[in-house]
Structures are given as C-alpha cells and as structure tokens.
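Subject: Handing over the structure

Hello,

I am passing this structure on to you, and I hope you enjoy exploring it. Please have a look at it before you read my notes.

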Amino acid sequence: MSDATGTLPAMTPATAMIRTLGLIAALCGVIIVAAYQGTYDAVQENKRIAVERAVFKVVPTAQSIVEYFALADGKLEKVGAGGTASSAAPAGAIKFYAGYDKDGKLAGIAAEGAAKGYADTVRILFAWEPATQKVPGFGIVSSRETPGIGDKIVVDKAFLANFPLDAALRDDGKSLAHEILTVKNGSKANPWEIDAIAGATITSRAVGKAINDAAQALLPRIRPHLDTLKEKP
Amino acid sequence: MHESAAQIFINAFLANNFVLAMFLGLCPFIGVSGKLETAAPMGAATTFVMLVASLCAYGLNLLLAYFNLEFLRLIAYIVIIASAVQLVEMVLKKYSPGLFRALGIFLPLITTNCAVLGVALFQTAREYDFIQSITFAVGAGAGFTLAIVLMASVRERLQLSDVPSVAQGAALSFMLAGILSLAFMGFAGLGG
Amino acid sequence: MSIIMSAATTDRWDEFMEGVWRQNPLFVMVLGLCPALAVTVSAVNALSMGLATAFVLTCSALLVSLLRKMIPKEVRIATYIVIIATFVTVVDYLIQAISLALYDALGAFIQLIVVNCMILGRAEAHASKNPPGIAVINALGMSAGFAIGLFALGAVREILGAGTLFGISLFGASFQPWVVMVLPPGGFFVLGMWLLVFSAWGRWRQRKQAAQGGAAQNA
C-alpha cells in the first residue's frame with residue numbers, strides 16, 4: 001500500500017511489534033485472570049447449589065451430602081481431602097454423593113451417568129439404596145433431547161413406574177447381577193429392565209445405558225466400604 | 001464415555017451432522033456453496049484444518065490441565081487454529097496456486113469457521129481420548145464437506161429454475177438448508 | 001426530529017440505527033449465523049445470547065479503538081482475535097456466575113461467540129478506524145440489531161414450537177406444538193422466512209420511494 005506521495009509507509013520494526021503485542025497480551029491476561037478470580041466464588045457456589053438440589057431430589061430423605069471419589073485402587077477418598085485442586089478428580093476415580101438423613105444415617109448414594117441420546121449426551125443423576133440394592137429414581141442433569149418427546153422421561157408415568165429399578169450386585173460384588181437394559185415398550189419382564197417410552201426409544205435407551213454403565217463401574221467399588229459409609233463421618 | 005471410533009464418525013458425519021444438525025460452519029456453508037467446484041476444495045481444506053486443530057487441541061489441553069491454566073483454553077485454541085490456517089494457506093500457495101486463487105478470501109475465513117473451533121471445544125467437553133478425537137475431527141470435516149457439496153449441487157440447479165425474485169438469495173438458501181436438515185434427521189440413531 | 005436534536009446527537013443516533021436497521025447483522029449482512037440458529041429455541045435464550053454478544057462486541061470495540069494507534073498493521077487480525085477471545089472468556093465466567101441453567105442452555109455457543117464473523121468484521125472495518133465514542137455507539141447499534149434479530153427468531157420458534165413465550169403458555173394445554181420449529185430444520189425455515197419478509201419489505205420501500213421521487217419530479 002502506498003500513500004499519496006508514492007512512498008511506502010515504514011514497516012513497523014520487529015522490536016516495537018513484539019513489545020506492543022506483549023503489552024496487549026499482558027493486558028488481556030490481566031483481564032481474564034481478574035474475571036476468573038472475581039467470579040470463582042460465585043461459580044463454585046452455583047455449582048454446589050445445583051449439585052445439592054439434584055441429589056436431594058433423587059434421595060428425598062437426605063439432609064446433607066458428603067462427596068467422595070471412588071478411586072481406581074478401590075479406596076475411597078473424600079473430595080477436597082487430596083492435595084490437588086478440590087474438584088479435580090484423580091485419574092480413574094468416580095465421583096459419588098453420599099446423602100445422610102437428619103440422624104446422620106446413610107439415606108442413599110447418588111452418582112452421575114451419561115450416555116448418548118438422540119441429540120447429544122444425556123446426563124442424569126441416579127440414586128441407589130444400599131439396603132434394597134435398588135435405584136429409586138433419577139433426575140436429568142443436562143439433556144438436549146427433543147422437547148415433548150425425549151423430555152418425557154421425567155414426566156411419563158409409565159416410564160417412571162420402571163423405578164425402583166433392581167440394581168443388585170452379584171454375590172462376589174464384582175459387577176451387577178443383571179445388566180440394566182432398556183427393552184421395547186410393553187416387553188418388560190424383569191425388575192432390572194426398563195420399559196422404553198413408545199416413540200422415545202433412543203432417549204429411553206440412553207437413560208438405561210447411563211444407569212447401567214455408571215452402576216457397573218461404581219457399585220463394585222463402593223460395596224466394600226458400605227459399613228464405613230453408613231454413618232456420617 | 002465409551003463410544004467407539006466408528007460410532008463417533010457416523011455421528012459427526014450423518015446423525016448429528018455438524019452443519020445441518022449442530023449449526024456449526026454456517027457462514028461458509030451459505031457463502032461458498034454457490035458453485036460445486038469451490039465447495040468441494042473448501043470442504044477438503046476445512047477438514048484438514050479441523051484435523052490439525054483437533055490434534056493441537058488435544059495436546060494443548062493436556063498441557064493446560066497440567067499447569068492448571070484452563071482459563072486460557074479458548075485463547076490458546078483460537079491462536080492454534082489461526083496458525084493452522086496460515087499453514088494451510090502457505091502450503092496451498094506453494095503447491096497448488098490455482099486452488100489457492102480459486103478459494104480466495106474464503107481460505108483465511110476458515111479461521112472464523114465455528115465448526116473448526118467447535119471440533120476443538122466439543123472434543124474437550126466430551127473428554128475424548130486421542131483416537132476418538134481424530135475420528136471426531138475427520139467425521140466432522142466429512143460431514144461439513146457432504147453438506148456443502150449437497151448444497152452447492154442443488155443451488156447450481158436452482159439457478160436455472162424459476163424462483164420468485166423476492167425469495168432469491170439467502171432466503172432460498174436457508175429454505176433449502178432446512179429441507180436438507182429435515183432429511184438428515186432421518187439418520188437419527190444410526191450407529192447406535 | 002433533526003430540528004430538535006443537535007447535529008452531533010443526530011449523527012450518533014444515525015450511527016446507532018445503522019447497526020439496527022440498514023446494516024442489521026443478521027438479516028441484511030447475514031453474519032453471526034451459528035449462534036443465531038442454535039440457541040434461538042426460546043425467547044429467553046435468544047435475548048441472553050444477544051446480551052452476551054453485545055457485551056463482547058462493545059468491550060472489544062472499545063479496547064480495539066483505544067489501542068488502534070498501537071496495534072501493528074501486520075498482526076492486527078491476530079490481535080483483534082486475542083482481544084475478542086479475552087472478552088468471550090470473561091462473559092463465559094460471568095454467565096456461569098449468574099445462572100448455571102442459562103449456561104447449560106447456551107452451551108458451547110458462548111465460547112463460539114469468538115468466531116462470530118460480525119465481531120471480527122466490526123473490529124477490522126470500524127473500531128480500528130474510529131475514536132472510542134463512535135466505535136462504542138456503532139457496536140451498541142450492531143448489538144441491538146443482532147439481539148432484535150435473535151429475538152425475532154427465538155420468539156417465533158418458541159411460539160410455534162412450544163406454544164409459550166418467555167415460558168408463559170399462550171394457547172393453553174390443547175395446543176399441539178409444531179415441534180419441528182425448535183429442531184434444527186425449524187431454525188433454517190424460520191430464518192429463511194424472516195429473510196423473505198425483509199427482502200419483500202425492502203422492495204416495497206424501494207418501489208414506494210421511486211414512485212414518490214417520480215411524483216416529486218413530475219410535480
């Protein structure tokens with residue numbers, strides 16, 4: 001590009017360019033960090049409230065929650081007790097919530113499960129009662145299923161009648177006694193099967209798969225610790 | 001999650017097509033799909049950038065997580081993408097100048113293609129591992145290319161049809177995209 | 001009206017309305033499409049996205065304009081992108097702090113604001129060449145235009161696709177919603193319809209002005 005007098009404008013010297021870019025990058029960095037720090041507390045609080053609300057919904061008698069990691073080596077670790085950042089999960093660990101009633105007794109375990117639905121991942125929070133080894137219910141954490149069709153999983157009476165769902169462990173505690181399966185609408189024969197909603201098969205299957213996959217991974221790890229979990233620490 | 005590579009590919013390619021179902025990459029989709037001969041190379045170039053971006057995003061994410069700098073993720077991703085596009089531009093200019101000229105302004109615009117950033121962001125959010133990420137990027141690129149080629153083919157034909165002048169241009173393209181999107185909904189559930 | 005307002009105010013009003021009407025980013029310039037179709041399944045989501053984009057557009061226009069004499073020409077696009085990405089990250093955290101439900105509804109498209117061609121285009125074409133005051137007014141105008149466009153989409157899709165507006169049921173329980181409207185094809189169709197309306201309206205205005213101009217000449 002040349003200006004009116006026909007001479008080329010001077011190229012910005014490299015050092016000046018680097019200096020300016022460095023300054024701008026630093027400024028942007030400061031803005032981001034300020035925003036991150038400024039909103040950190042509010043965001044953590046929001047997340048905590050959302051988790052609480054979800055857990056209290058699926059474990060109705062719970063009054064308080066303790067968060068745990070079920071580690072890959074079979075041990076349990078309270079969230080925040082480890083040395084790393086409070087919500088960062090150790091590799092291979094599964095997070096679950098122990099809900100305690102007003103007497104400090106274990107009311108139920110809640111954990112997240114996820115599976116692909118019709119539109120995107122369906123994430124649910126489901127509960128498990130150690131006493132009956134059943135899943136009394138679940139709630140949606142996030143889903144983008146078709147409104148009016150996929151989102152019936154939380155309102156359809158016939159679907160909700162699938163619960164409490166049998167999720168008993170095998171005697172050796174290494175996996176579920178029966179895989180939780182979503183079957184065609186009307187063909188449910190066993191208490192560990194889920195009768196799909198007619199016309200919303202894919203979303204129904206996602207719920208079944210989410211609960212099954214999560215339970216298969218988590219419950220065997222919790223079983224050895226049920227006695228320690230029974231009373232609120 | 002435990003999706004297989006094949007499932008991820010089919011998903012990004014057809015069932016949840018990046019353009020027609022996820023609404024990513026729309027600006028070039030409307031802008032470049034006028035002619036078939038520019039649409040296909042655009043799709044190819046975008047797929048390549050998506051692949052590079054996916055690889056870099058995977059590595060970057062590991063780094064950022066290690067140093068606890070997650071809040072810099074967005075800036076890091078977008079800088080990587082801009083650089084990848086620069087790279088593609090230089091390579092094309094050197095080895096295929098005809099194609100470089102044909103794509104013109106649309107090549108640097110791949111940087112602002114939300115589909116490319118979308119690949120990086122989604123694979124991070126869904127916590128895909130390395131193989132899953134690569135398949136996702138290739139599937140997304142293939143899906144984008146499929147959509148843009150389909151669109152271009154139909155639009156070329158439409159130019160010879162009698163469309164009321166009030167509907168010509170962008171309005172018609174969107175109606176067309178809506179019908180394509182409706183058709184692609186038939187792939188729902190494919191791949192399990 | 002220009003008799004009552006001073007010349008400077010008229011200029012500023014013009015600058016503002018430019019973005020809302022003549023150069024409406026969505027319906028005239030057809031930019032910023034990805035978020036426009038993805039999140040406009042309800043009026044609330046549409047307006048929130050409009051606000052978030054407004055925040056990013058205005059702040060980045062301001063910063064780019066303030067720094068415009070400093071930014072080296074050769075790397076200006078990269079610099080604009082970094083500045084825009086900064087404010088997108090900020091708005092990302094702000095929304096998380098305000099409402100996690102909204103954050104979940106808008107999803108990845110908050111972060112995708114950074115590749116909204118409208119924002120980069122404004123920085124390059126306008127904010128880098130004008131003083132901060134004008135840049136901000138123009139940005140606000142564009143944001144308003146974009147938000148109005150998003151609202152137009154979101155409202156129609158929500159009314160037809162769910163029978164509600166802002167969550168308030170409009171037609172009662174017996175209404176059979178047109179579910180396709182809140183699905184991807186519906187987004188395309190509704191935008192196509194609005195573009196059609198805009199195009200028809202533009203032509204009608206042109207014909208009217210031509211007729212008036214002709215009449216004035218003949219008079």
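Below are my notes, chain by chain and then on the contacts between chains.

First, some housekeeping. Residues are numbered from 1 along each chain as its sequence is written, while chains are lettered from A and ligands numbered from 1 in the order in which they are written. This is a predicted model, in which local features need pLDDT of at least 70 and side-chain atom pairs count only at pLDDT 80 or more, whereas totals for chains, interfaces and linings use all residues.

Chain A

The mean pLDDT (the predictor's confidence in each residue, from 0 to 100) of chain A is 82, and 90% of its residues reach 70 or more. Over residues 1-8 of chain A the pLDDT is below 50, and beyond near neighbours in sequence this stretch has three contacts in the model. Two residues are in contact here if their C-beta atoms, placed from the backbone, lie within 7 Å.

Chain A holds an open sheet of six strands in the order β2-β1-β3-β4-β5-β7, with antiparallel pairing. Helices (H or I, at least four residues) and strands (E, at least two) are DSSP runs, numbered from the N terminus, and two strands pair if DSSP finds at least two bridges between them. Because β2 and β7 (138-142) of chain A stand at the edges with a single partner strand each, one side of each is left without a neighbour in the sheet. Neighbouring strands of this sheet are turned by 30° against each other on average, direction ignored. Three bridges join β1 (residues 64-70) of chain A to β2(A); in β2(A), A:L76 is the bridge partner of A:A70.

Helix α3 (residues 201-222) of chain A lies across β1, β3 (94-100), β4, β5 (121-128) and β7 of chain A, and runs at about 130° to β4(A). For such angles, axes are lines fitted to C-alpha atoms, for helices over the stretch in contact, and angles run from 0 to 180 degrees between N-to-C directions.

Chain B

Chain B has eight helices and zero strands. Its radius of gyration is 17 Å, close to the 16 Å that the globule rule gives for 192 residues, so chain B is as compact as a globular protein of that length. The radius is taken over C-alpha atoms, and the rule is 2.2 Å times the number of residues to the power 0.38.

Of the 192 residues of chain B, 48% count as buried. A residue is buried if 20 or more other C-beta atoms lie within 10 Å of its own, exposed if 12 or fewer, and partly exposed in between, with C-beta atoms placed from the backbone. In helix α1 (residues 5-15) of chain B, the buried residues include B:I8, B:F9 and B:F13. The buried residues of α1(B) pack against α7 (130-158) and α8 (170-184) of chain B.

Chain C has eight helices and two strands, and 48% of its 219 residues count as buried.

How many residues of chain C are in contact with chain B? There are 32, and they meet 31 residues of chain B. On the chain C side, α8(C) gives the most, with twelve residues. That side divides into 25 nonpolar, six polar and one charged residues. Ala, Val, Leu, Ile, Met, Phe, Trp, Tyr, Cys and Pro count as nonpolar, Asp, Glu, Lys and Arg as charged, and the others, Gly among them, as polar.

Best wishes
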